Amino acid sequence: PGEYDRLNQQRYITVTANIHNKDLGTAVRNVNKSIASLGELPSGVKILLRGQADLLKDTMSELQTGLIIAVVIILLLLAIFFQSFRLSLTVLSIIPAVVLGSVLLLLLTGKTLNIQSYMGTIMAVGVAVANAILFITNAEQHRKKDPLSPFAITGVFNRLRPILMTSLAMTAGMIPMAIGIGEGGDQTAPLGIAVIGGLLFSAISTLLFLPVVYSWVSGKKPYRNPSLDPEDENSKIFETINKE
């Protein structure tokens with residue numbers, strides 16, 4: 001050899017390659033399989049992955065952690081608002097449908113899970129949770145007024161237009177991005193595709209699947225005021241006194 005390269009007094013050889021028609025995640029997995037197929041390496045020989053592979057691993061790990069933290073925070077906020085973990089979990093039951101819709105549409109369009117698609121999935125989760133809260137709040141109001149009425153069906157009927165308008169409006173706004181129009185559109189297209197897929201599945205699940213879950217959780221239980229504020233009880237006393 002005409003040249004030796006050293007790092008910390010150890011000789012090393014750099015092997016690089018360009019990726020053609022393949023995403024970085026697939027390339028990294030193939031490289032790891034090739035390294036594993038070598039078996040036990042000779043004494044003193046090490047193989048290290050450098051470059052964008054480490055950055056991709058750290059970024060995807062941080063995005064997954066961020067998504068989990070976001071779900072936990074949403075659960076706690078909903079528990080404070082509804083004063084019920086059952087209703088909070090009912091709202092969050094819509095999240096698997098959002099993730100499934102985003103992943104399915106990405107697979108159908110030949111896109112991959114990357115930073116952009118993760119961001120799109122998180123955006124779709126936010127809109128889906130907002131629609132679910134809209135339905136649950138309305139259904140709870142009807143359950144408070146008339147516990148014997150089909151409050152789940154009534155809640156869907158009354159909030160059908162807002163849920164569809166929200167989902168369709170955001171879906172229409174994401175279509176240009178999903179098509180990839182303009183310079184660099186291919187890089188941002190997964191974000192729009194993930195949002196569209198998540199919103200379509202979430203809208204269907206909110207109108208069909210969520211009422212079933214809500215009915216199963218609430219059943220025919222009598223409505224109880226979830227508020228822990230003593231002013232609510234005082235207001236009831238004043239109303240009783242005024243009536244008398």
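**Cores and rings in a predicted model**

Trainee: Which residues touch the most other members in the largest nonpolar core?
Mentor: In this predicted model, the largest nonpolar core has 21 residues, and those touching the most other members are Phe82, Val91, Ile95, Phe135, Ile136 and Tyr214.

Trainee: And which helices supply at least two residues of this core?
Mentor: At least two residues each come from α2 (52–82), α3 (85–92), α4 (95–108), α5 (115–145) and α8 (185–218), and the largest share, eight residues, is supplied by α5.

Trainee: What is Ile95 in contact with, leaving aside its neighbours within four places in sequence?
Mentor: With those neighbours set aside, Ile95 is in contact with Val71, Val125 and Val129.

Trainee: OK, changing topic: how many aromatic pairs does a search of the whole structure find?
Mentor: The search finds one aromatic pair, and since the ring centres of Phe135 and Tyr214 are 5.8 Å apart with their planes at 75°, which is over the 60 degrees required, the pair is edge-to-face.

Trainee: Which parts does the pair tie together?
Mentor: Because Phe135 lies in helix α5 and Tyr214 lies in helix α8, the pair ties together parts that are 79 residues apart in sequence.

Trainee: Is Phe135 buried or exposed, and what about Tyr214?
Mentor: Phe135 has a relative accessible area of 0%, which is under the 20% cut-off, so this residue is buried, and Tyr214 also counts as buried, at 0% relative accessibility.

Trainee: One more thing, where does Arg11 lie?
Mentor: Arg11 lies over the face of Tyr4, and its distance from the ring centre is 3.8 Å.

Terms used. Residues numbered from 1 in each chain as written. Predicted model: local features only at pLDDT ≥ 70, side-chain atom pairs only at ≥ 80, totals over all residues. Heavy atoms only, no water. Core = buried A, V, L, I, M, F, W, Y, C linked by side-chain atoms within 4.5 Å. Buried < 20%, exposed > 50% of the residue type's maximum accessible area, 1.4 Å probe, protein only. Helix = DSSP H or I, 4+ residues; strand = E, 2+ residues; numbered from the N terminus. Contact = heavy atoms within 4.5 Å. Phe/Tyr/Trp six-rings, centres within 6.5 Å; stacked < 30°, edge-to-face > 60°. Lys NZ or Arg CZ within 6 Å of the ring centre and 35° of its normal.
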